[in-house]
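Student: Could you take me through this model one feature at a time, with the general idea before the case?

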Amino acid sequence: MSEMTVLFFQQIVKMFLMLLIGFLAVKAKIMPPTAGKGLSQVIVAVIRPCAILYAFQVDFTHERLLGLALAIFGAALSHVVLIFVTWLLGDKALHLSPVERASMIYSNSGNLLMPLIAATMGQEWLFYTCAYMSALQLFVWTHGKSLICEEPQVDFKKALCNLNIIAMVLGLLFFCARIRFPGVLGQAVESLGGALGSTSMLSIGISFATISHLDLKKMSRVLIVTVNRLIVYPLIMLVVFLLLRLNTLLPGAHEILMITLLGAGAPTGVVVTQIAQLYDKEADHASLIGVFTMLCSILTLPALIWVYESVTALL
């Protein structure tokens, strides 16, 4: 097992323990169940935008710009392929609900992947995680919201006015213009962004603790979603990436595609639960899927890295 695989495993276990603390704090009545909503608002409005802005605080090079373009292409391609596969598999074959189909498509690329990459690969590679997050935010607030709410209309304004998208546009402008945050301001943005992992895991734990009832009859469907989200879908994208030889296009493309692949294989995104809560669409079920896929990703994400490194080493 490679050092990278071990590092990812240790970091995921650490983040799961943070989730457990949030769950226990609510069950022990240390925190009220309503704390999760306020914490989620702080994450969305302050912490995640700061994490995105700080990710772009790296020196401008043409190699990084080309790498970012590759990451954006890989992320967009992932969502297009997964939406199509879910339409075939989840809708036509398995007859899954809209929340279940959305849970198979959209991953926790922001709340989980950003702190995970920062802790294991460093600030330089955190830059490329923003590509997957930007693609996810655009797709989830257009296609994802339309799917969950069963609405034919697509809300492009909601997607483009999303704070994360605005932060990414500003971050990219700062990167291209070589604008860096001065001293104390940079440290403040870095500190706030650095809280993304711990606060996100606490939020998920609180959300799980507030589930009013656990429908065991739906567990078989949760398992179907989990197997597809964590195993089948990332393997499909691994095959697509390797067939297109994307991992050989640029210096650093191997690592960039690994980050993109981790986005495709991450547990179900918190944003699915947030949309379900906002529009009263199976929020408890969405929360259960999110937590269950998070638990299983402790094993699947390190395994995915091992498979990627092993297969690319043979080619």
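Tutor: Let us start with exposure: a residue is buried under 20% relative accessible area, exposed over 50%, and partly exposed in between, using a 1.4 Å probe and protein chains only. By that rule Lys-29 is exposed, with a relative accessible area of 75%. This is a predicted model, in which local features need pLDDT of at least 70 and side-chain atom pairs count only at pLDDT 80 or more, while totals for chains, interfaces and linings use all residues. Residues are numbered from 1 along each chain as its sequence is written, and side-chain values use heavy atoms, with hydrogens and water left out.

Student: How many helices and strands does the protein have?

Tutor: Helices are DSSP runs of H or I with at least four residues and strands are runs of E with at least two, numbered from the N terminus. The protein has 14 helices and zero strands.

Student: Where is helix H4 in terms of burial, enclosed or exposed?

Tutor: Eight of the eight residues of helix H4 (residues 98–105) are buried, so this helix is largely enclosed by the rest of the structure. Among the buried residues of H4 are Glu-100 and Arg-101.

Student: How should I read the aromatic pairs?

Tutor: A pair of aromatic rings is described by the distance of the centres and the angle of the planes. Rings of Phe, Tyr and Trp (its six-membered ring) pair if their centres lie within 6.5 Å, and planes under 30 degrees apart count as stacked, over 60 as edge-to-face and the rest as tilted. A search of the whole structure finds seven such pairs. The rings of Phe-60 and Phe-175 have their centres 5.0 Å apart and their planes at 50°, so this pair is tilted. Phe-60 lies in the loop between helix H2 (35–55) and helix H3 (62–93) and Phe-175 in helix H8 (residues 163–176), so the pair ties together parts that are 115 residues apart in sequence. Phe-127 and Tyr-128 form an edge-to-face pair, 5.0 Å centre to centre with 80° between the planes.

Student: Which residues does Arg-64 touch?

Tutor: Contact means heavy atoms within 4.5 Å. Arg-64, found in helix H3, counts as buried at 17% relative accessibility. Not counting residues up to four places away in sequence, Arg-64 touches Val-58, Asp-59, Glu-124, Phe-127, Tyr-128 and Phe-175.
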